[in-house]
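Thanks for coming, everyone. Please keep the picture open while I talk.

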Amino acid sequence: MKTYRYEQAKFNVSVTVTGIFCLLLCVVSVTDVMGVTDLLPVPVAALVLIVAGYQVWNTFVAIANPQDVIIDEESITFGAFGRRDRFAFADIRSFSVREVGGDARIYVRVNGGGLLRGRYWLQTLYMSDGKELFQWLEDFEYRVEPDSLKARARRSSERDAKRGGSPLPNRIDKTGRK
């Protein structure tokens with residue numbers, strides 16, 4: 001079993017404090033919409049309530065920003081705030097990994113995701129052994145979704161590497177030279 005954990009200080013600031021701030025925005029917005037206070041115009045308060053409410057839901061209910069990812073022989077588990085979403089490998093029908101900014105921030109969807117579970121933002125840059133986790137997720141996606149466009153591109157890239165490079169002419173190396 002391997003546990004990948006979001007650095008506590010960064011998790012507290014980027015997830016917990018943000019969630020609490022949005023919860024406070026929800027309270028202020030509700031009081032404005034109800035007419036108890038007059039801090040924001042009602043249309044603005046309604047918009048703030050929707051956006052902040054969505055963030056509160058993702059943070060504290062759907063745990064869309066998990067602190068822990070636990071991988072064992074039979075399952076993958078995402079967890080935060082005392083809640084755990086466990087997915088047995090045998091029950092996973094679809095698994096997608098979308099990189100946002102390289103391998104630093106990724107969006108993972110398990111079995112299509114839903115409002116309560118199955119969609120997770122992982123800040124691998126701030127997780128213990130984050131590069132290893134990213135590689136494991138990419139490899140697992142490749143096994144679960146072998147017919148995806150991403151998997152076909154990976155196979156093509158692996159074939160090119162075995163043949164000694166890309167068949168494309170005028171490749172430019174990392175130094176900018178042809």
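Contact here means heavy atoms within 4.5 Å. Helices (H or I, at least four residues) and strands (E, at least two) are DSSP runs, numbered from the N terminus.

A word on the source. This is a predicted model, where local features need pLDDT of at least 70 and side-chain atom pairs count only at pLDDT 80 or more, while totals for chains, interfaces and linings use all residues. Residues are numbered from 1 along each chain as its sequence is written, and side-chain values use heavy atoms, with hydrogens and water left out.

Back to H2, residues 42–61. Which of its residues are buried? They are Ala 45, Ala 52, Val 56, Asn 58 and Thr 59. Buried means under 20% relative accessible area, exposed over 50%, and partly exposed in between (1.4 Å probe, protein chains only). Looking down the axis of H2, the buried residues fall within an arc of 165°, so they line one face of the helix. That arc is taken from the directions from the helix axis to the C-beta atoms. The face turned away from the buried side carries exposed Pro 43, Leu 47, Ile 50 and Val 51. After H2 comes Ile 63, with a positive phi near 40°.

Next, the core. A nonpolar core is a set of buried Ala, Val, Leu, Ile, Met, Phe, Trp, Tyr and Cys residues joined through side-chain atoms within 4.5 Å. The largest one has 24 residues, and Val 69, Phe 78, Val 108, Leu 122 and Leu 137 touch the most other members. H3 gives the most to this core, with 4 residues. Take Val 69. Leaving out residues up to four places away in sequence, its contacts include Tyr 4, Phe 78, Leu 122 and Leu 133.

Now the largest pocket. Its volume is about 170 Å³. Of its 13 lining residues, Gln 55, Asn 58, Asn 65, Arg 105 and Trp 121 lie nearest its centre. H1, H2 and S7 each give two or more residues to that lining. A pocket is an open set of points on a 1 Å grid over the protein atoms alone, where a 1.4 Å probe fits, with protein on both sides within 12 Å along at least five of seven lines; lining residues have an atom within 4 Å of a point. Points join across faces, edges and corners, and the volume is the space filled by probe spheres set on them.

Last, the cysteines. How many disulfides does the whole structure have? The search finds 0. A disulfide is a pair of cysteine sulfur atoms within 2.5 Å. The sulfur of Cys 22 is 6.9 Å from the closest cysteine sulfur, in Cys 26, so it is too far for a bond. Cys 22 counts as buried, at 11% relative accessibility.
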